[in-house]
Amino acid sequence: MDTQLLPDNFLTTQLKKVVNWSRRSSLWPMPFATACCGIELMATASSRYDLARFGAEAMRFSPRQSDLLIVAGRVTIKMMPVLQHIYQQMTEPKWVISMGACASTGGVFDAYATIQGIDQFLPVDVYVPGCPPRPETLIEGIMAIQRIIDEDGLPPKGKRRPLRVSVEPSYVPAPQPVPVTIGGRTF
Ligand code: SF4
């Protein structure tokens, strides 16, 4: 620590450390919960585990107000473009937690439709292991993000891997039915 309390009660520190301290103490998570891990995520924010102790309880459902993406649950190929858009809309600096075996590796869903690890398409900062991870494990993951912020601060330019282009959805919605008139009545 390069902070010190001088005899005349002045506290000196670096501006960078104050900024990082405020940033790590007010994380605003963006939950992307698609499956059972999402229940553990909700439990983490409940009074029993009290995520507010770490300043990260203000879940936001708008990516523009979030700086910590928590992907909790399996992600399919069709979801990934949506998830990438959400990530791109989040404010910088931003961090990503991959929560649980499914998000990190596809888990037991070794199927063509399930992404076998979201880090193929998103820059993941912390992996939270388990199926499901307990709330304590997620809290440890959030503390790991706080340590990254403490040590690194802003992600240096060029450190983050660029997003890989995900498979665009191939589903084309069927055309809406056209009204027909039969015997003077429109259906
Ligand atoms: S890791 Fe386990 S608990 Fe989490 S979404 Fe997958 S199956 Fe559910």
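The protein chain holds five helices and eight strands, taken as DSSP runs (helices H or I, at least four residues; strands E, at least two) numbered from the N terminus. The model is predicted, so local features need pLDDT of at least 70 and side-chain atom pairs count only at pLDDT 80 or more, while totals for chains, interfaces and linings use all residues. Residue numbers start from 1 along each chain as its sequence is written.

From the N terminus on, the elements follow the order β-β-α-β-α-β-α-β-α-β-α-β-β. Among contacts (C-beta atoms, placed from the backbone, within 7 Å) between residues at least 6 apart in sequence, 77% join residues at least 24 apart.

Of the 187 residues in the chain, 30% are buried, meaning that 20 or more other C-beta atoms lie within 10 Å of the residue's own, with C-beta atoms placed from the backbone. Leu-68 touches, among others, Trp-28, Ala-56, Trp-95 and Ile-145, leaving aside residues up to four places away in sequence.

Turning to the ligand, the residues around it include Cys-36, Cys-37, Arg-74, Cys-102 and Cys-131. Helix H4 (residues 100-105) supplies the largest share of this shell, three residues.

How values were computed: Near = placed C-beta within 6 Å. Contact = placed C-beta atoms within 7 Å. Buried ≥ 20, exposed ≤ 12 C-beta atoms within 10 Å, placed from the backbone.
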